[in-house]
Amino acid sequence: MMVFLTRFLLVSNKIKGRFQAGKNRHRFIDQVRIYARGGGGGQGHPKFGGIGGSGGDVYVQALPDETLKNVKSSKREQRYIAGPGDNSKARILQGVKGRDLIIKVPPGVCVTDDNNRLLGDLNKVGDKVLVARGGEGGKQKNEWSGAKGTKGSFKLILKLIADVGFVGFPNAGKSTLLKAVSRTEPKIADYPFTTIRPQVGIVEYGDKRQISMADLPGLIEGSHQNMGMGHRFLRHVERTKLLLFVVDVHGFQLSPRHAYRNAFETINILNKELELYKSELVEKPAILALNKLDMEGADELLQETLEAIQNNTETSHSHPDMVEGTTEENGEVRKPISFEDIIPISAKDGEGLDRLKSRVREVIDEHYEKERTVEEESEGDVGRRATTGVL
Ligand SMILES: Nc1nc2c(ncn2[C@@H]2O[C@H](COP(=O)(O)OP(=O)(O)O)[C@@H](O)[C@H]2O)c(=O)[nH]1
Ligand SMILES: [Mg+2]
């Protein structure tokens, strides 16, 4: 066992240099702060008793294929102001209502106000919550001048199923791994918005820090086309901070009817499935665990796999245009995932699991806690948040 570990470390250091690109990956956003204001009501018409149109409302709604990143980049400073109601005119006494504004988010987002009071849980596509109401149109009771809309700052928070999501084909050893690293027996998570139930286990560290890990029912080839449970699976993957690829170093064969894939090909298929479903997913922080290293001949396979990954990384770095241009027909990925680390393990006998656990923690901290700090500092209210303890 030690032999493979030392050999691995040599290769791994070389690979690490190549993987520095991972540091520049886009931030994966799990929270956005927005400002919303309802439209003002239109003027009434005192002479004819005309009523002004009410202002438009601002809603947050869960829709398919949305991401919080879209919200973040779609509007400067995330200010959402609905349309004003029309004034009442002699010819059109009832002013037309202002245009509503809908902020589109992925399902699994909850909306709170600035004091963290929950306004709504948007679990399913179509779920909708009103955040700012348009002002009433001008009428006698408000002396014919339209009222202002309500306004406020809100937070859109993507609810996580777990901090870490396992990605792998059936039989890779995901369930075995979750059991081996969890403090308690993994529990089936009871999330109202999940149709497939992820198993969630809590990993506890020496200092009592806890990180949750979800073993999602296995991915199968063709998931992006929604074969089997594919889409539902991939939707869960979105709601984790870090992806842990669990790959049997011996490769994978779904059934005797299907082609045999070695570990490197397996990684690429997983990569491609994620990419075809939503390209943003391949930018999430990811760690690769190569499993079943206790088995006869596994060391050789490990070396082969690491070399294949390294060659692939080198190629994509030296010919970025070529890689970008690859079509999906030839089965190649456009953008190889740059793993933060590659860790050989045996879920069965425990080899490599301590290192895996500590790297998972480090990578999460690197990508999220620091990002939060940067975000908060740029919002200029880090002091206030720190004292209220809200992160
Ligand atoms: N030899 C060996 N077998 C393993 C290891 N991890 C899992 N297995 C076996 O591989 C099979 C599939 O494991 P499982 O955890 O159910 O895979 P899952 O489908 O990914 O959840 C089971 O028979 C496990 O006992 C390992 O590290 N070494
Ligand atoms: Mg399983």
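This is a predicted model: local features need pLDDT of at least 70, side-chain atom pairs count only at pLDDT 80 or more; totals for chains, interfaces and linings use all residues.
Across the whole structure, a search gives two aromatic pairs. Take Phe169 and Phe252 to begin with. Their ring centres are 4.3 Å apart and their planes are at 10 degrees, so this pair is stacked. The cut-off for stacking is planes under 30 degrees apart. Where do Phe169 and Phe252 lie? Phe169 is in the loop between β9 (164-167) and α3, while Phe252 is in the loop between β13 (242-248) and α5 (263-277). The pair therefore ties together parts that are 83 residues apart in sequence. Are these two residues buried or exposed? Phe169 has 2% relative accessibility and so counts as buried. Phe252, at 8%, counts as buried too.

The other pair is Phe245 with Phe339. Here the ring centres are 5.1 Å apart and the planes stand at 80 degrees, so the pair is edge-to-face. That label needs planes over 60 degrees apart. Phe245 belongs to strand β13. Phe339 is in the loop between α7 (320-325) and β15 (341-344). The two are 94 residues apart, and their pairing links distant parts of the chain. Both Phe245 and Phe339 are buried.

Next comes ligand 1. Which residues come nearest to ligand 1? Of the 15 residues around it, they are Asn171, Lys174, Ser175, Thr176 and Asp294. Helix α3 (residues 174-181) gives the largest share of this shell, with three residues. By class, the shell holds five nonpolar, six polar and four charged residues.

The side chain of Lys174 has an N or O atom 2.7 Å from an oxygen atom of ligand 1. For the side chain of Ser346, the corresponding distance to a ligand oxygen is 3.3 Å. Lys348 takes part through its backbone: an N or O atom there lies 3.1 Å from an oxygen atom of ligand 1. On its own, ligand 1 has 570 Å² of accessible area, and the protein covers 73% of it.

Technical notes:
Residues are numbered from 1 along each chain as its sequence is written. Chains are lettered from A and ligands numbered from 1 in the order in which they are written. Side-chain values use heavy atoms; hydrogens and water are left out. A residue is near a molecule or strand if one of its heavy atoms lies within 4 Å of it. A polar contact is a pair of N or O atoms within 3.5 Å; within protein, one must be able to donate a hydrogen and the other to accept it, and residues adjacent in sequence count only if both atoms are side-chain atoms. Accessible areas come from the Shrake-Rupley method with a 1.4 Å probe; for residues, only the protein chains shown count as cover. Helices (H or I, at least four residues) and strands (E, at least two) are DSSP runs, numbered from the N terminus. Ala, Val, Leu, Ile, Met, Phe, Trp, Tyr, Cys and Pro count as nonpolar, Asp, Glu, Lys and Arg as charged, and the others, Gly among them, as polar. Rings of Phe, Tyr and Trp (its six-membered ring) pair if their centres lie within 6.5 Å; planes under 30 degrees apart count as stacked, over 60 as edge-to-face and the rest as tilted. Buried means under 20% relative accessible area, exposed over 50%, partly exposed in between (1.4 Å probe, protein chains only).
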